[in-house]
Amino acid sequence: MILCMFVQPKLLLYSSNETSTSIKMLISSHLRGCKRCQQALEQLKKTTSAVKDFMSIDVSPDIDLDIRILESIRKNSETT
Amino acid sequence: MMDIRVKNLKDEELAAQAAQGTIACFEELLSRYRTPVFRYCYRMSGSKEDAEDWTQECFVKIYNNLGKYNPERRFSPWLYRIVHNYGVSVIRVKQSHSYQLVPDQDLAEYPAGSKTDAVDVLEKKLRSEALAEAVDQLSPTLKSALIIWALEDITFKELGEILNTPLPTAAARVRRALIQLRQQFMKTEDKDTI
């Protein structure tokens, strides 16, 4: 249980492979015997995947946005 | 000839030359980052019109601050830090008002198919709306961190650079956002969906 409290906040870093080797080994070993943390990792992966899926929208700005931006910068430079 | 040379430059070199007044270099940076910045603004603001205005504001800020950029450091985190700070500050102001969710495609926009297709599309749409609503409930800081991380597919080390926080803090923010989303989302959805 104490180990679960240590492991669970690190699961996101663990699943993205951004923990140190020693922490990774410790978490992997703990996960093998802990159903609770296995479920937590599974839920985290599902949520992450749903969020990334939701965020990956295919929207683009209008073609003339660059012109508007450059125009705005030009005007700004003139006034300063 | 100039175009080819500019296109071959790294972001950091472009930014350094843009800071010296070479507008072609800034235009190249604009073409590289316009769409990602717009997508961030779209998810933060909830509308295409706002996203375009925000993108414009962000690039004006980026341009005006180029003199402070240190070319020895990576350009992308520096740019996203400006974008993040802008997004968070605008959302904070906006938070007192309710604003529109990002509209998703209407069912009518999907090609006709079997009944099962229609049900799948409807379920996907409902899930997407519930998720959009849940994302909007997050604090500006958590929302911005989550959007940058999810959209850009970056590491927590890189996210930490953008947010100007240590790696564990960046990861903790995203984790907190994911937990809140899950809790919020489960109020309206089947437990097993997310």
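1. Which domains does the domain assignment of chain B give? The assignment, whose bounds come from an automatic or database source, gives domain 1 (1–100) and domain 2 (103–194). Residues are numbered from 1 along each chain as its sequence is written, and chains are lettered from A and ligands numbered from 1 in the order in which they are written. This is a predicted model, in which local features need pLDDT of at least 70 and side-chain atom pairs count only at pLDDT 80 or more, while totals for chains, interfaces and linings use all residues.

2. On confidence, the model scores ipTM 0.86 and pTM 0.81. Chain B averages a pLDDT (the predictor's confidence in each residue, from 0 to 100) of 84, with 80% of the residues at 70 or above.

3. Over residues 99–113 of chain B, pLDDT stays under 50, although the model has 23 contacts beyond four places in sequence for them; a contact here needs C-beta atoms, placed from the backbone, within 7 Å. Where pLDDT is low, the predicted coordinates should not be read in detail.

4. Within chain B, the contact between the domains takes 13 residues from domain 1 and 13 residues from domain 2. On the domain 1 side, helix 3 (23–45) and helix 5 (75–94) of chain B each supply at least two residues, and helix 5 of chain B gives the most, with eight residues.

5. Between the chains, 27 residues of chain A are in contact with 30 residues of chain B. Helix 2 (11–15), helix 4 (35–55) and helix 5 (65–79) of chain A each give two or more residues to the chain A side, and the largest share, 10 residues, comes from helix 4 of chain A.

6. Helix 5 of chain A and helix 4 (residues 48–65) of chain B have axes that come within 9 Å and cross at roughly 45 degrees, the axes being lines fitted to C-alpha atoms over the stretch in contact, with angles from 0 to 180 degrees between N-to-C directions. The two helices are therefore oblique to each other, that is, neither under 35 degrees (roughly parallel), nor over 145 (roughly antiparallel), nor 65 to 115 (roughly perpendicular). Residues making the contact include A:Ile69 and A:Ile73 of helix 5 of chain A and B:Phe59 and B:Tyr63 of helix 4 of chain B.

How values were computed
Contact = placed C-beta atoms within 7 Å. Helix = DSSP H or I, 4+ residues; strand = E, 2+ residues; numbered from the N terminus.
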